[in-house]
Amino acid sequence: MESKWYQCDGNNSDVVLYSKIRLARNLADAPFPERMSAEVRKSVSKKLFAAIKSSALANEFDMINLSDLKTAKAASYCERQLISKEHLKNKEWASFMLSKNEDVSIMLCEEDHIRINAFEAGQNLEEAYKKANELDDIFISSLRLAYSQRLGFLTASPINLGTGLKASFALHLPALRENNSIYRLSSMVGKLGLSLREMYKGGAGDIFILSNQVSLGISEKSAIDNVNAICDQIVKQERAAREALKENIEFEDRIYRTLGILKTARRLDGDEFLNSLSLLRLGVSLGYFNIEYKTIGEMLFDLQNASLIDSAEAELTQSMCDNLRAQIIREKLE
């Protein structure tokens with residue numbers, strides 16, 4: 001079986017979980033999806049899939065109709081960031097294209113007709129962009145896309161006008177959160193036209209998404225360069241904060257105790273799971289544990305509720321998910 005992209009390490013993996021490029025595109029001869037009926041959305045989605053199937057990448061992608069899937073299977077794609085929560089809500093007609101190792105997904109007729117999402121492990125926006133751009137070229141060459149010489153690519157939301165590009169990083173920032181720098185950092189980033197937001201509700205897991213907020217009047221390369229430059233600074237700050245934490249014996253004890261809990265726990269709910277993984281990952285970066293980042297990545301993407309239910313191929317209650325999650329983690333950390 002082909003490895004998933006999140007089972008790999010990348011540049012600055014101690015802080016940067018992954019890079020993501022999103023491109024928003026629309027057909028010139030069709031209304032935006034929110035004005036389409038379910039049947040029209042399905043028809044347009046088939047047209048978009050046909051453009052890929054007639055290209056050199058024909059064998060790289062599968063078409064997935066959410067209506068054909070069990071609820072847990074569909075939700076597991078959302079947990080792995082491959083589709084949005086909004087797309088999941090429209091399960092009766094929603095579809096997307098997915099590459100074999102899940103490094104590229106293309107949502108069809110979500111907010112825009114085409115939403116290309118390309119992932120790369122670690123800090124490597126350039127490679128993620130290369131994958132997204134290859135698909136973009138296929139759509140541009142085979143379909144008439146909505147484009148204005150003055151405004152660039154036309155999108156359902158004005159905020160995405162121009163390049164239609166969003167470049168983002170998923171950053172693991174436990175030390176900056178611990179020393180209460182994260183909110184000051186978020187404010188500073190906002191003044192530079194970027195955003196820094198929690199990936200999970202309540203900041204569970206200490207994972208934050210850094211992304212550009214401007215796509216009009218700026219080139220794709222400039223947007224990527226800007227996000228990369230800010231990411232470089234955040235990586236330096238997080239590493240410095242981690243070094244300071246090494247002087248704190250109480251925090252070190254907390255990290256080691258967390259490993260003990262993960263190796264022996266019989267039950268782990270969602271938040272405890274994410275927060276424990278965060279401390280485990282921090283311990284790896286500080287040299288305390290000989291565990292690979294990809295092992296933690298596998299747990300993060302494969303052990304949330306819907307993914308557990310899907311892999312178990314059984315109806316699991318919340319309590320059963322908590323028990324199974326703890327069991328799998330014990331086995332992985334033996």
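1. Basis of the values. The model is predicted, so that local features need pLDDT of at least 70 and side-chain atom pairs count only at pLDDT 80 or more, while totals for chains, interfaces and linings use all residues. Residues are numbered from 1 along each chain as its sequence is written, and side-chain values use heavy atoms, with hydrogens and water left out.

2. The largest pocket. A pocket here is an open set of points on a 1 Å grid over the protein atoms alone, with protein on both sides within 12 Å along at least five of seven lines, and its lining residues have an atom within 4 Å of a point. The largest one has a volume of about 1200 Å³, a volume being the space filled by probe spheres set on points that are joined across faces, edges and corners. Its lining has 36 residues, and Gln 81, Ser 84, Lys 85, Arg 197 and Met 199 are the closest to the pocket centre.

3. Make-up of the pocket lining. Helices (H or I, at least four residues) and strands (E, at least two) are DSSP runs numbered from the N terminus. Among the elements that each supply at least two lining residues are strand E1 (16–25), helix H2 (71–79), strand E8 (165–172), strand E10 (207–212) and helix H9 (270–285), and H9 gives the most, with four residues. By type, the lining divides into 11 nonpolar, 11 polar and 14 charged residues, where Ala, Val, Leu, Ile, Met, Phe, Trp, Tyr, Cys and Pro count as nonpolar, Asp, Glu, Lys and Arg as charged, and the others, Gly among them, as polar.

4. The cavity. A cavity is a set of grid points where a 1.4 Å probe fits but cannot get out, and the structure holds one such space of 30 Å³ or more. The largest cavity contains about 200 Å³ of space and is lined by 22 residues, with Leu 17, Arg 281, Tyr 293, Gly 297 and Leu 300 nearest its centre. E1, H9 and helix H10 (293–302) each supply at least two residues of this lining, and H10 gives the most, with six. The cavity lining divides into 13 nonpolar, six polar and three charged residues.

5. The largest nonpolar core. Such a core is a set of buried Ala, Val, Leu, Ile, Met, Phe, Trp, Tyr and Cys residues joined through side-chain atoms within 4.5 Å, where buried means under 20% relative accessible area, with a 1.4 Å probe and protein chains only. The largest core has 110 residues, of which Ile 21, Ile 106, Phe 139, Leu 210 and Leu 280 touch the most other members. Helix H7 (residues 220–245) supplies the largest share of this core, nine residues.

6. Strand E10 and Leu 210. Six of the six residues of E10 are buried, with Ile 207, Ile 209 and Ser 211 on one side and Phe 208, Leu 210 and Asn 212 on the other. Two strands pair if DSSP finds at least two bridges between them; E10 runs antiparallel to E8, joined by five bridges, and is also joined by five bridges to strand E9 (residues 194–198), again antiparallel. His 172 stands opposite Ile 207, while Leu 196 has Leu 210 as its bridge partner. Contact means heavy atoms within 4.5 Å, and, not counting residues up to four places away in sequence, Leu 210 touches residues including Phe 169, Val 189, Val 227 and Ile 234.

7. Strand E2 (residues 61–65) pairs with E3 in the antiparallel sense over five bridges, and Phe 61 stands opposite Ser 99. E3 and strand E4 (residues 104–108) form a hairpin with four residues between them, and Glu 102 in the turn has a positive phi of about 65 degrees.

8. Two single residues. Ser 76 belongs to helix H2 and is buried, with a relative accessible area of 0%; leaving aside residues up to four places away in sequence, Ser 76 touches Ala 306, Ser 307 and Asp 310. Phe 49, in helix H1 (residues 38–53), counts as buried at 17% relative accessibility. With residues up to four places away in sequence again not counted, Phe 49 touches Phe 61, Asp 62, Met 63 and Met 97.

Definitions and conventions
Buried < 20%, exposed > 50% of the residue type's maximum accessible area, 1.4 Å probe, protein only.
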